[in-house]
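Hi everyone, thanks for coming. Let me put the structure up, and then I'll walk you through a few of its side chains.

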Amino acid sequence: MARILTAGCALAFILLIFLLPSDHFHTGIAHAEWSADDLATLRHLRLSTDALAEKNKTNELLFRADAIALGRQLFHDTGLSGSGQISCASCHRPEAGYQDTEFITYKLDPQTAHRAPGILGAALQDWFFWDGRADSLWSQALAVIENPKELASDRVRAVRHLCAQYKKDFPALLKNCRGLSAARGEDIDRMFVTLGKSIAAFEAAELLPPVSRFDRYVDALDAGNYAEAAALLNDKEVAGLKLFLDPMVGCVNCHNGPMFTGSGFFAVATDMPGQLEHDRKRGVELLLDSEFNCLKWSTAADCPKLQYLLTDSAETAGAYKVPSLRNLRHAPFFMHDGRYRSLEAVIEHYRSPATLPLRHIDIRPAPLLPHQRKQLLAFLEVLGSGDFNKEQQ
Ligand code: HEC
Ligand code: HEC
């Protein structure tokens with residue numbers, strides 16, 4: 001009798017193993033089982049600021065304490081806007097991970113509104129705006145000030161404000177303010193650039209993404225500490241990470257590097273044919289026209305991005321900048337036009353992207369079963385888990 005019972009229990013146990021979804025069995029050992037190639041990819045995705053100086057090499061004010069302090073004040077200064085009512089922080093709200101939780105640009109202009117991406121870690125990227133029409137963080141800030149749909153001011157006003165408000169506190173940076181009344185166009189431009197570089201210095205110093213649970217997981221794997229790794233990511237999250245790296249799913253082809261963006265531009269079936277598009281094709285035109293692009297302010301050797309610019313419109317039409325996937329926790333909208341309101345909807349988009357005839361598109365449908373979509377979602381949420389200590393309590 002006892003034997004029959006034991007055999008029955010064993011059978012039931014074996015059946016149970018087959019019936020449970022496979023991701024229940026990642027516990028413990030799975031963390032030790034990453035291949036050398038996968039581990040190399042994971043290390044490459046870990047947050048790192050090593051590239052900061054290289055990416056911002058046309059900004060000589062980077063790391064200067066006075067520029068950082070000035071930039072911090074300017075970021076919150078409504079005096080830079082034409083209306084005197086909004087500042088950078090109105091749309092990139094510090095308390096919401098520097099996201100625009102209100103979609104203010106949509107309220108200002110529903111026709112062409114682009115969503116404000118979160119800007120933590122912007123200083124680690126190569127291109128700015130969804131169409132990449134700015135090639136440096138400092139020129140990005142200048143474009144915002146003169147954009148009628150954003151700060152809606154102009155450089156003369158901005159420089160006058162800068163001098164009136166800040167020259168006493170920042171004499172070394174703003175010494176040219178003394179000659180302001182006699183300043184010519186190019187003197188104004190130069191001061192305007194100092195303003196942009198100060199904001200960028202602040203962003204590079206203080207607006208970096210928090211270390212996430214994912215980063216700590218890779219640290220634990222590196223140290224061979226699998227018990228700690230297991231405590232950091234649960235089975236579902238690890239399964240999601242595996243899907244993220246899976247060549248059949250393809251996410252990591254575009255979302256790679258420490259910011260989960262390879263800084264490329266791709267067409268992922270989010271354009272609206274027939275409508276005026278602000279895609280990479282247009283971004284390239286605007287960039288080459290920009291008065292503040294790298295070639296106009298630096299030597300060619302400092303501007304490889306512009307020298308090797310991809311201008312083939314077959315590749316750039318309908319393409320947008322690959323956004324970072326870090327810190328999306330506070331994002332209420334997704335994609336350049338904010339068309340989706342949840343990460344689930346974005347994942348569904350990749351499962352069945354809307355294809356149109358004759359449209360260039362860089363993705364294939366990702367074969368994701370319902371439980372795999374949940375796993376992928378769980379992993380994306382890990383990347384927003386910056387407030388690590390609070391979450392662990
Ligand atoms: C009215 C809202 C608004 C204001 C004010 C605003 N932004 Fe933005 N910001 C946006 C939107 C929308 C985008 C994306 C626009 C696009 O790509 O076409 C953006 C993009 C950016 C980006 C590029 C992010 C990326 O990954 O490409 C940075 C950096 C940024 N803003 C910084 C600033 C700074 C600095 C200021 C103040 C000088 C500022 N913003 C003021 C709405 C705003
Ligand atoms: C061919 C390159 C490519 C691949 C592959 C790819 N993405 Fe993207 N991803 C993009 C681009 C480009 C955008 C921005 C599109 C837009 O805004 O119109 C984007 C946007 C996103 C966003 C929205 C982020 C935001 O701030 O709005 C998420 C989330 C995302 N991708 C996750 C994924 C996941 C998960 C996968 C794998 C299933 C994946 N991506 C595969 C290029 C890619």
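Let's begin with tryptophan 127, which is buried at a relative accessible area of 9%; buried here means under 20%, exposed over 50% and partly exposed in between, with a 1.4 Å probe and protein chains only. A word on the ground rules: this is a predicted model, where local features need pLDDT of at least 70, side-chain atom pairs count only at pLDDT 80 or more, and totals for chains, interfaces and linings use all residues. Residues are numbered from 1 along each chain as its sequence is written, chains are lettered from A and ligands numbered from 1 in the order in which they are written, and side-chain values use heavy atoms, with hydrogens and water left out.

How many aromatic pairs does the structure hold? There are 12 of them, counting rings of Phe, Tyr and Trp (its six-membered ring) with centres within 6.5 Å; planes under 30 degrees apart are stacked, over 60 edge-to-face and the rest tilted. Tryptophan 127 pairs edge-to-face with phenylalanine 265, at 6.1 Å centre to centre and 65° between the planes. Tryptophan 127 sits in the loop between α6 (104-108) and α7 (137-146) and phenylalanine 265 in strand β1 (residues 265-266), so the pair ties together parts 138 residues apart in sequence. Helices (H or I, at least four residues) and strands (E, at least two) are DSSP runs, numbered from the N terminus. Phenylalanine 265 is buried too, at 14%.

Next come phenylalanine 260 and phenylalanine 379, a tilted pair with 6.5 Å between centres and 50° between planes. Phenylalanine 260 is in the loop between α13 (251-254) and β1, and phenylalanine 379 is in helix α19 (residues 370-382), 119 residues apart. Both are buried. We also have one aromatic cluster, formed by Trp138, Phe192, Phe292 and Trp297.

Histidine 255 is buried at 9% relative accessibility, while tyrosine 350 is partly exposed at 24%.
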